[in-house]
Every structure is written in C-alpha cells, then in structure tokens.
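Please look over the sequence and the model shown here before reading the briefing that follows. Its points are grouped by topic.

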Amino acid sequence: MLSRLARPAAALRRGLATTAQNNAKVAVLGASGGIGQPLSLLLKNSPLVSRLSLYDIAHTPGVAADLSHIETRANVKGFLGPEQLPECLKGCNVVVIPAGVPRKPGMTRDDLFNTNASIVATLTTACAKHCPEAMICIISNPVNSTIPITSEVFKKHGVYNPNRIFGVTTLDIVRANTFVAELKGLDPARVSVPVVGGHAGKTIIPLISQCTPKVDFPQDQLEKLTGRIQEAGTEVVKAKAGAGSATLSMAYAGARFVFSLVDAMNGKEGVIECAFVRSEETESPYFSTPLLLGKNGIEKNLGIGKISPFEEKMVAEAMSELKASIKKGEEFAKNFK
C-alpha cells in the first residue's frame, strides 16, 4: 500500500509547480493566526489556487493586502467578522479551518476543547449554510473532537457528506518522516510513514512497519521514536516557552494536504493522504488511515493494512481515549445553538 503513498514533499512541490493550472477557490478561516498566516502564504504561492478568501475576527484586511502583492495568480480577499463570513465562503471548493487558541506549556490538546469547540461549531455552521459542497479540512484542535462536531453540524443542516470532511493529521506524518530520516540518515523527502488513529498523544499511531523505504529499529529505539512522534507537538510548545505551538510545520502540513486534495479533485489519480475521518475500519467511529482521494473527496478508505504486534497493541490502547473524545464532540454539537 505504501508504495502508492505520495512522497512527502511531492504535494508541496506540486503546489509550487508552474505547469499545473487549476481554479481552486480556497477559504482559510482563522487566517490571521499563527497557522493561518503561513498557511495562506503557501496557498497564495500555488498556481493550483485561483481565489484565496481569508477570514478572521481581526487583522484580515492587513494580511490580505500583504499577500495580495505577491506575483502569483491567486486573487486574495480579506473578510472580517461574522457578518462578512457568508461572503467569504460563497463559491468555495475547499475550506481550511486553523482557527482557535494554541496550546501553552502544560496544556493538552483536550484542554483547548471549550474554546475551540465553539469556534469550530460556529464556523462549520456557516460552511453548512453557504458552501455545503466544499471539502472541509479541520486543523483546529482537539481534532479527535472537532471532526465529530463538524459532522454533527452538517447533519443538523441536512448536508452531511462524510467523504468531504477531513481532520488534517498530516503533521504527524511529516514528523514521522523527518524523525525516521534523521535516525537512518535518509533524505526525508523520500521517506513515507503512514500514521493512523487520531491526533493526540497515544492515539497517534505511526506505522513504522509500513515505512517506505523499509526500516528496522531495535524495540527500545522504536518505542522512543514512537513516543517522540506522539509528543512532538509538546516538544514545540515547550521550546516556544509560552509563545505558541506548532505553527510553521502545521502550515506546511496543511498546505501539503490541501494540494493533494486539489490535485485529486482535478482528476489526478493515485493521490493518497492520511486523515481523521468517519470510518468503519475499527470499532472507533472516526479513525485516521490512508485514503485514496478523488474528485468527490474520499474515493476509498485503504484501511490499516498489515501491522506489527507492537502497532496492534497501540491501536487497541488508543480506542477508549478516541471514543471518549469523539463522544465529547458529538455531545457538544447536539447541545450547540
């Protein structure tokens, strides 16, 4: 299966390729934030994007004016505050949502729930009303809960399509590729590790056994590597010492996912990315696995594939936390007015 996974940096390079032409209309909700600004810059830099609609509750006119001076074809427009959100979303094919508060030292992704759950529910309600057919890419944490929230909001409005709602977990894959490459002295652009499960702590399950090229680690090193991938976000939060969380690497990963999605929507075949989606692959109703992307979103869920006993144990141990986070998101959405 993994031989078919796109090389990690390939999606980014495709996003920058001058020959590719497309007319994707992309909205970034939370465009003035730590992830939103570099993500918007990467999207503006891509010839795959013809229109870039930037939304936030502060500073978007400035961010849009700044980006609009870049000599690429995407037409950039900034939208400010809830009253301008409908106009921002009109006609969009892809909506990326990095809005919300970042983690601070000592916080888990789940600690962000109360603030970010309301933000995601409000923004996805607008999406359900004004661009119900768009691909929705959620970056806002905790992803294990914000994706169920998004699904419930779309169900409430009668426009739910599970093939078009994605929790962007690409940063876990990017980190796994980087860390494996460092340990083995490989070119990280040629390493591909699928990461399944969820997007928090022990629910992040790197399938090192399916790495391309094939790599082997002694058990103690494998456990240490796995732990580092699972806690890599905390590594950044600590290093930034209260000044934020992973923003630049997340912007890169978010752009990589969007470019892959747009490629697939454009008719490119064999595009595979992992994402946290509605799933029947395990007993968890949502689960991240490699997905074959197509014109209408998820073409086929490729499942977990053959995994090692160590990885099987991690999948089993992640279930209770995953289910609890999912239930928390669903309950929140049901009570959200």
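A residue counts as buried when its relative accessible area is under 20%, as exposed when it is over 50%, and as partly exposed in between, with a 1.4 Å probe and protein chains only. Helices (H or I, at least four residues) and strands (E, at least two) are DSSP runs numbered from the N terminus. By these terms strand 1 (residues 24-29) is mostly covered, with five of its six residues buried. The model is predicted, so that local features need pLDDT of at least 70 and side-chain atom pairs count only at pLDDT 80 or more, while totals for chains, interfaces and linings use all residues. Residues are numbered from 1 along each chain as its sequence is written, and side-chain values use heavy atoms, with hydrogens and water left out.

**Strands 1 and 2**

- Strand 1 and strand 2 pair in the parallel sense over six bridges, where pairing requires that DSSP finds at least two bridges between two strands.
- Within this pairing, V26 has L52 of strand 2 as its bridge partner, and A27 stands opposite S53 in strand 2.
- Strand 2 is largely enclosed by the rest of the structure, because seven of its eight residues are buried.

**Pockets**

- A pocket is an open set of points on a 1 Å grid over the protein atoms alone where a 1.4 Å probe fits, with protein on both sides within 12 Å along at least five of seven lines, and its lining residues have an atom within 4 Å of a point.
- Grid points are joined across faces, edges and corners, and a volume is the space filled by probe spheres set on the points.
- The largest pocket holds about 750 Å³ of space; it is lined by 44 residues, of which P98, A99, G100, V101 and S140 are the closest to its centre.
- The elements that give two or more residues to this lining are strand 2 (49-56), helix 4 (85-89), helix 5 (113-130), helix 7 (170-184) and helix 9 (232-239), and helix 5 gives the most, with eight residues.
- For the classes, Ala, Val, Leu, Ile, Met, Phe, Trp, Tyr, Cys and Pro count as nonpolar, Asp, Glu, Lys and Arg as charged, and the others, Gly among them, as polar; the lining of the largest pocket then has 21 nonpolar, 18 polar and five charged residues.
- The second largest pocket holds about 200 Å³ of space, and of the 14 residues that line it, T108, R109, D110, A200 and G201 are the closest to its centre.
- The lining of the second largest pocket has three nonpolar, six polar and five charged residues.

- In helix 10 (residues 248-265) lies A255, which is buried, with a relative accessible area of 0%.
- The C-alpha atoms of A255 and G267, twelve residues apart along the chain, are separated by 19 Å.

**Backbone details**

- N141 and P142 are joined by a cis peptide bond with omega of about 0 degrees, and P142 lies in the loop between strand 5 (135-138) and helix 6 (143-156).
- T212 and P213 are likewise joined by a cis peptide bond, with omega of about -5 degrees, and P213 lies in the loop between strand 8 (204-206) and helix 8 (219-230).
- H59, although not a glycine, has a positive phi of about 70 degrees; H59 is found in the loop between strand 2 and helix 3 (60-68) and counts as exposed at 61% relative accessibility.
- A241, also a residue other than glycine, has a positive phi near 45 degrees; A241 lies in the loop between helix 9 and helix 10 and counts as exposed at 63% relative accessibility.

**Annotated domains**

- UniProt positions are given in the numbering used here, with feature names shortened, and annotations may be inferred rather than shown by experiment.
- The UniProt annotation "domain: Lactate/malate dehydrogenase N-terminal" (unreviewed entry) covers residues 25-167, a span that is 38% helix and 21% strand, with end C-alpha atoms 19 Å apart.
- UniProt also places "domain: Lactate/malate dehydrogenase C-terminal" (unreviewed entry) at residues 169-332, a span that is 47% helix and 17% strand, with end C-alpha atoms 22 Å apart.
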